[in-house]
Amino acid sequence: MERRHHHSITKVCRYMVIILLGEHQMSYFNPHITNWSETLIPYESRAKEKCSVLLYVVTGHSTSVGSLVEVSYYLGTGQQLVLCIQDICDNEPHLKHLSSRAVRDYNRGRSYLKDAAVRKGLTVYSKVEDATKETIRLVNHQQNQ
């Protein structure tokens, strides 16, 4: 039950992004698939390298360690990024197996990543819709140059 709640929140965020991008006739690569495996990493990497802007949404409903590592990598490459990073709440139902200390550690990692992004000149959004709108603005700006 709690896991379904997590997936429905994630799906709502994902669909909102897809709808907004579709309204602006923008193509996208969505790496979220049901039967993901490590064999897909090279394919995903190639697809992401072809993107003019990478939008990463790290919600507070998951630990998102893989996404945090990817964002760190792409920060270093100088690829155009838009970030939405939310902290995990202590009372997140499907993460109740995590101790308060673990939640603080995951959020500390998010804080360090947000700080690194800001030092690189990025704005880090807390709302998915705001980050998506910024992504659309950046893509439109690139296309108009």
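Analyst: Buried means under 20% relative accessible area, exposed over 50%, and partly exposed in between, with a 1.4 Å probe and protein chains only. This is a predicted model, in which local features need pLDDT of at least 70 and side-chain atom pairs count only at pLDDT 80 or more, while totals for chains, interfaces and linings use all residues. Residues are numbered from 1 along each chain as its sequence is written, and side-chain values use heavy atoms, with hydrogens and water left out.

User: How much of the chain counts as buried?

Analyst: Of its 145 residues, 34% fall in the buried class. The radius of gyration (over C-alpha atoms, with a globule rule of 2.2 Å times the number of residues to the power 0.38) is 15 Å, which agrees with the value near 15 Å that a compact globule of 145 residues would have.

User: In what order do the elements of the chain run from the N terminus on?

Analyst: Helices (H or I, at least four residues) and strands (E, at least two) are DSSP runs, numbered from the N terminus. Here there are five helices and three strands, and they follow one another as α-α-β-α-β-α-β-α.

User: In which order do the three strands lie in the sheet?

Analyst: Strands pair if DSSP finds at least two bridges between them. In this model the sheet is open, with the order β1-β2-β3 and parallel pairing. Because β1 (54-58) and β3 (124-125) stand at the edges with a single partner strand each, one side of each has no neighbour in the sheet. Five bridges join β1 to β2 (residues 81-85) in the parallel sense, and among the paired residues are valine 57 and cysteine 84, the latter in β2.

User: Which helix packs on the sheet?

Analyst: Helix α4 (residues 100-119) does, touching β1, β2 and β3 (a contact means heavy atoms within 4.5 Å), and its direction makes about 150 degrees with that of β2. Such angles run from 0 to 180 degrees between N-to-C directions, the axes being lines fitted to C-alpha atoms, for helices over the stretch in contact. Asparagine 107 lies in α4 and counts as buried because its relative accessibility is 13%; leaving aside residues up to four places away in sequence, asparagine 107 touches Asp87 and Ile88.

User: Which residues of α5 are buried?

Analyst: An α-helix has 3.6 residues a turn, so residues three or four places apart point the same way. In α5 the buried residues are Val128, Ala131, Thr132, Glu134, Thr135, Ile136, Leu138 and Val139. Helix α5 (residues 128-143) has 16 residues and reaches 23 Å from first to last C-alpha, close to the expected 22 Å, a span taken as 1.5 Å times one less than the number of residues.
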